[in-house]
Amino acid sequence: MPTLRPVLAFPAPARLNEPLPTAAESLRFEMVGDGDAMRKLRAQVERIGPHFRTVLVRGEIGTGKEMVARAMHSKGAGGPFVVCHGASLGDAAVSADNDWLQSLMRSARRGTLFLDGIEEMPPTAQARLVAVLRKRSGQQQRMIVSASEDLRSLAAARRFRQDLYHRIAMVEVALVPLRERVDDIPSLAWHFLRRFTALYGRRIEAISEDAMERMMAHAWPGNVREMENVIRNGVLQSEGTVLKEHDLTSLRELKMEASVPVTAVPSRLQDVVEQHVQLVLKRCEGNKVRAAEFLGISRSTLYRMLESSSSQG
């Protein structure tokens with residue numbers, strides 16, 4: 001584990017008064033971190049951005065897939081960045097009378113179409129997307145798709161179309177979860193502190209050592225998005241000029257019990273998984289979106305797990 005930085009070891013408080021970056025500068029500013037993973041990612045964006053046609057951005061929930069997509073878009077597209085969520089493309093959206101896919105691609109003709117969460121796209125929409133891509137194979141359409149699950153495994157299990165996977169995975173960018181780039185936590189914490197102190201007009205000048213130690217030790221199942229929410233809540237709750245450990249209430253809210261009574265330990269692995277999912281869902285007060293982020297799975301995966309659990313019960 002890297003050496004913890006003492007209180008006030010971050011950039012001078014005067015930097016808090018610097019003007020907020022422009023939209024273009026924000027893209028570079030968002031890609032925070034000096035570790036090997038982030039340096040490699042920035043190099044990929046620089047290399048792929050001006051020339052790509054179809055890119056798959058893969059990573060756990062909260063790792064910043066849309067941020068990377070926008071960064072690549074900014075390197076080579078002059079038109080709009082059009083976002084569509086895979087789960088929204090149901091049967092009605094891709095019918096012969098109302099083909100949203102064609103409309104989306106026309107809207108992003110000179111820009112980039114970003115299909116977020118493509119693993120949640122229904123089978124009918126997947127088939128329609130394959131047909132549209134075949135038809136437009138000779139056109140200069142820029143498209144980025146994101147996935148929180150391993151599409152290769154889903155395709156092998158016949159839960160995702162093989163032909164679609166091979167069309168969209170010619171160029172793949174894999175994002176590293178935050179727990180595997182711990183060295184970037186201090187710079188990310190400062191980045192979010194600066195953003196939210198400016199946004200909410202607060203004068204928090206440093207992060208205490210115990211707060212940083214708590215963040216360095218946390219597993220961050222929700223990745224960078226979880227850290228963003230933790231710092232945002234901390235800034236809003238802090239009453240001083242130093243962000244302290246007790247301000248990071250979001251981390252404590254979802255802290256799991258350290259041990260489970262032996263008599264309560266289920267015998268099957270499936271039962272252990274279901275018990276953990278139910279515990280997280282309870283701690284998230286039934287909020288499935290937040291529970292999925294905490295578990296590091298997509299919403300569709302969580303729904304399937306809950307449906308499977310209820311059918312067996």
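The side chains of Glu-46 and Lys-75 meet in a salt bridge with an N to O distance of 2.8 Å, a salt bridge being a side-chain nitrogen of Lys or Arg within 4 Å of a carboxyl oxygen of Asp or Glu. Glu-46 belongs to helix H2 (residues 36–48) and Lys-75 to helix H3 (residues 65–76), so the pair ties together parts that are 29 residues apart in sequence; helices (H or I, at least four residues) and strands (E, at least two) are DSSP runs, numbered from the N terminus. Glu-46 counts as partly exposed at 46% relative accessibility, and Lys-75 likewise counts as partly exposed at 30%, where buried means under 20% relative accessible area, exposed over 50%, and partly exposed in between (1.4 Å probe, protein chains only). The structure is a predicted model, in which local features need pLDDT of at least 70 and side-chain atom pairs count only at pLDDT 80 or more, while totals for chains, interfaces and linings use all residues. Residues are numbered from 1 along each chain as its sequence is written, and side-chain values use heavy atoms, with hydrogens and water left out.

By the salt-bridge rule, the count comes to 13. Side chains of opposite charge can pair when their charged atoms come close. Within helix H3, Arg-70 forms a salt bridge with Glu-66, their closest N and O atoms being 3.0 Å apart, and these two residues, four apart in the helix, are separated by about one helical turn. Arg-70 is partly exposed, with a relative accessible area of 34%, and Glu-66 counts as partly exposed at 29%.

A further salt bridge is formed by Glu-228 and Arg-195, with the closest N and O atoms 2.6 Å apart. This pair links distant parts of the chain, since Glu-228 is in helix H10 (residues 223–237) and Arg-195 in helix H8, 33 residues apart. Arg-195, at 23% relative accessibility, counts as partly exposed. Elsewhere, salt bridges that share partners join Arg-134, Arg-161 and Asp-163 into one network.

Arg-181 is found in the loop between strand E7 (172–174) and helix H8 (185–200), and at 10% relative accessibility it counts as buried. The side chain of Arg-181 is joined to that of Asp-184 by a polar contact of 2.9 Å, the term denoting a pair of N or O atoms within 3.5 Å, of which, within protein, one must be able to donate a hydrogen and the other to accept it, and residues adjacent in sequence count only if both atoms are side-chain atoms. When residues up to four places away in sequence are not counted, Arg-181 touches Val-32, Ala-37, Met-38, Val-176, Leu-188 and Val-224, contact meaning heavy atoms within 4.5 Å.
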